[in-house]
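Biologist: I have the two chains open on my screen and would like to go through them with you. Could you take my questions one by one?

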Amino acid sequence: MNFDFSPEQEQFRDQLRRFLQKADGVGQSRSVLDNKVQDYSTPIWHGLADLGVQAIAIPEEHCGLGLGALELCVAAEELGRALAPVPFLSSVCVCAESIRLFGSEKQQAKWLPGLANGSIIGTWAFADNTGDDTRFQSGTLSGTKVPVLDGMIAQVIIVVTKQADGTPMLTLCDLAQPRVERRPVKTVDPTRPAARVKFVEATAELLPKCGAGGWQKLSDRAAVLLAFEQLGSAESSLAMACAYARERGAFGRKIGSFQAIKHKLTDMYIKIQLARCHCYYGAWAIATDAADTPLAAAGARCGAIDALDFAAQENIQVHGGIGVTWESNCQLFYRRARLNALLLGSRCEWQDRLVASLKRKLRRESEAPAKAASEA
Amino acid sequence: MNFDDTPEEAEFRAEVRAWLTQNVEPRPNGSVLDLNARFLRARRFLAAKAAKGYAAVTWPKEFGGLGGTEIQHIIFLQEQAKVDVPTMHGSDFFSVGLNLCGGTILKCGTDEQRHRFLPRILRAEEIWCQLFSEPSGGSDLAAVRTRAERDGEDWLITGQKVWTTYGQFSDFGLCLARTDPAVPKHRGLTMFIVDMRSPGVEVRPIRQMSDEAEFNEVFLDNVRVSDRFRIGAVNDGWKVALTTLGHERSNAATLTFIEWQHILKIAEQAKINNQPAIEDGRIREKLVECWFNSFGVRLMAYRSQTALARGAVPGPEESWAKIIITGQGQRSAIAAMDMLGALGSLTAEELGDSWNPVEEGWYWAPAFRIAGGTDEILRNILAERVLGLPPDVRVDRDIPFNKIKHNGGSHGQPGDAVWKSL
């Protein structure tokens, strides 16, 4: 039994945490919100590149570190804890991962080295239920995707389109071409900016190794990584609320001494602990390509959405009136919580994926004894 | 990350599995046994475990344990959970002795007490109960009023205890009593071992809403206890009690009520609006919650096991598991009943054995949300010890116990009218 990160992975976490504390992720997010910094924090992005964060899972032959999913999970958690405004999810967790998993040799050689050192930023556009009409035909892509995270700063995009039979497929599109039109869109979280991207018979290519299950695999992996990011942000929200409850006085005592506040903060803690357990299971599943990956990913995703939404909401509540002001950092977590809950499919979708996995698991379990008996 | 055993762990697991295969009695026709049959079956099984050292894997060999590691203990429990052994409500007469009292004597008792009591607890020869809660103080355990007064080499104990699990079958009880009422409440308590057959001990079973009677009231009237049966120093009983409570909470986290498979099977068969219940989003939400919470607690146990193997010492951090598992047991039972509509009101006697876990969750989860630290007390503990929040205002903390206004103003005495009038 070894259901935790290794000492080396924990060492990497410490290193990353120290860097992000110094770089002040929350402060950088605040600067993006106040339009003092455009789109994302370049100092943090470059610092991460120095630490090799973008290169973690990219093979050494493409200038990466050749590490695995577990190290990506650690990085995601720390970036979430620091609320760092960088395109880690888009570029590293989805774009680079899809090219690494499903791209041709040529596509990998062209894009992975730049993605690995952070000089190229990539993103993705999900096949969602927003009236998506994107189609891929004879090497060209047409249609509109919105919202596309980091759409204004990305150079390359992975677009999910549906084949005639409804199967999702992944296409790669170089955004530096006149047949792509993009403009920023406003979302609930300006610290993670998004765009509307219109493809007008834009040149694109398939990721050839993405079979029928490719999108499912990619989204399961992305869900686990995003769940770790949410977990980190939830712990920060809890820490912020606890710190305030220890300092703020009312009725002649610190508000943290009241059971109403204590129990609220404990409920945050419990949701976070449960989410953490499921996130670890998700990490193990994607790191080992386990049969339970769809179930584990859905568990991590649902738990992390619940934990961060709750923590961000109740952090404001503990702060009282000051929590809803522009000056308070509560809003940064509140915004990030909601946006993260909606990316990659909302809780409703993941809950249904979870139920589908449980049904399959029950079938397997009920067939297994029968099979064992017949073999015996 | 992996869930694999080390070679040593795998070897131990194989030994345990082989032993269990040979030593677990099949239930006659797989049927539900009556109380007496369950009692005898549980006693035979525990005695067999004791002979092998498996009854207390982590205890020293000297006292009948295996001298094994925490990890081996976990492995044993994992393997035991896979076979049909008497472990849950209505059949586990020995767990209070084994898990709570035995652990307390091992840690806080004298060598004489260890040699006298531990082997007999392990062999299921003597049954134990916990004489902690009182009518006037359950959550506020340090407010116990049962008095122990010195009488030569002995103590005389007088008072009333309540919620004493299996008190009616017990040979001995671990009793928290007040030895100095003139100091603040936590500082005037002492722990004793009470022989439940002594003159002056009267046990009255409490009929519970499940129509079972596992809890009792215990009346103590000048019960004579030798000073050699005192555990820990005089007036140091609170520390001893915390040891027992720590065992009780971690033990409660291993409870299971209704498994998600059970809820899913019902959801596939039951109908809501002429559709299988599982097609209903509200039911899917409940299924997800059931799986998420029960599997989440299992995953927590894997994390603890990893931490133990790396040399960590468990603290109060995991008290949340009891809150989750008991609350979920109650909610899952209600969800199962809801899916059946009016049929869900029938008892297991009518619906068959497969309904037992639902009934058990409905009747027993509420009791376990209270026993061993209520949901609310556990939240206070987590808030203060893990999250570092300031303590609540405790108006009685620094006041001598005999100067406290009890029950918010009435100056009650042990076994007073407030409780009896209910």
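Biologist: Over how many bridges do E3(A) and E7(A) pair, and in which sense, parallel or antiparallel?

Modeller: E3(A) and E7(A) pair over seven bridges in the antiparallel sense, where two strands pair if DSSP finds at least two bridges between them; helices (H or I, at least four residues) and strands (E, at least two) are DSSP runs numbered from the N terminus. Please keep in mind that this is a predicted model, in which local features need pLDDT of at least 70 and side-chain atom pairs count only at pLDDT 80 or more, whereas totals for chains, interfaces and linings use all residues. Residues are numbered from 1 along each chain as its sequence is written, chains are lettered from A and ligands numbered from 1 in the order in which they are written, and side-chain values use heavy atoms, with hydrogens and water left out.

Biologist: Which residue is the bridge partner of A:Leu149 in E7(A)?

Modeller: The partner of A:Leu149 there is A:Ala194. E3(A), residues 140–149, is also joined to E2(A), residues 135–137, by three bridges, and those two strands run antiparallel. In that pairing A:Arg135 has A:Ser142 as its bridge partner, and in the hairpin, which has two residues between the strands, A:Ser138 takes a positive phi near 40 degrees.

Biologist: What is the order of the strands in the open sheet of chain A?

Modeller: The order is E1-E4-E5-E8, four strands with mixed pairing. The edge strands, each pairing on one side only, are E1(A) at 122–125 and E8(A) at 205–206. E5(A), residues 168–174, runs antiparallel to E8(A) and is joined to that strand by two bridges, and A:Thr171 stands opposite A:Leu206 of E8(A).

Biologist: Changing topic, is A:Thr191 buried or exposed?

Modeller: A:Thr191 has a relative accessible area of 3%, so it counts as buried (under 20%; exposed is over 50% and partly exposed lies in between, with a 1.4 Å probe and protein chains only). A:Thr191 sits in the loop between E6(A), 180–185, and E7(A), 194–203.

Biologist: Which side chains does A:Thr191 join through polar contacts?

Modeller: The side chain of A:Thr191 makes a polar contact of 2.6 Å with that of A:Asp189 and one of 3.0 Å with that of A:Arg336. A polar contact is a pair of N or O atoms within 3.5 Å; within protein, one must be able to donate a hydrogen and the other to accept it, and residues adjacent in sequence count only if both atoms are side-chain atoms.

Biologist: And where is A:Asn329 found?

Modeller: A:Asn329 lies in the loop between helix H9 (293–319) and helix H10 (330–342) of chain A, and is partly exposed at 27% relative accessible area. Its side chain joins that of A:Arg30 in a polar contact of 3.1 Å.

Biologist: Now the interface: how many residues of chain B are in contact with chain A?

Modeller: There are 49 residues of chain B in contact with 47 of chain A, contact meaning heavy atoms within 4.5 Å.

Biologist: How many salt bridges are there between chain B and chain A?

Modeller: The count is six, a salt bridge being a side-chain nitrogen of Lys or Arg within 4 Å of a carboxyl oxygen of Asp or Glu. One of them pairs A:Asp352 with B:Arg284, whose closest N and O atoms are 2.8 Å apart.
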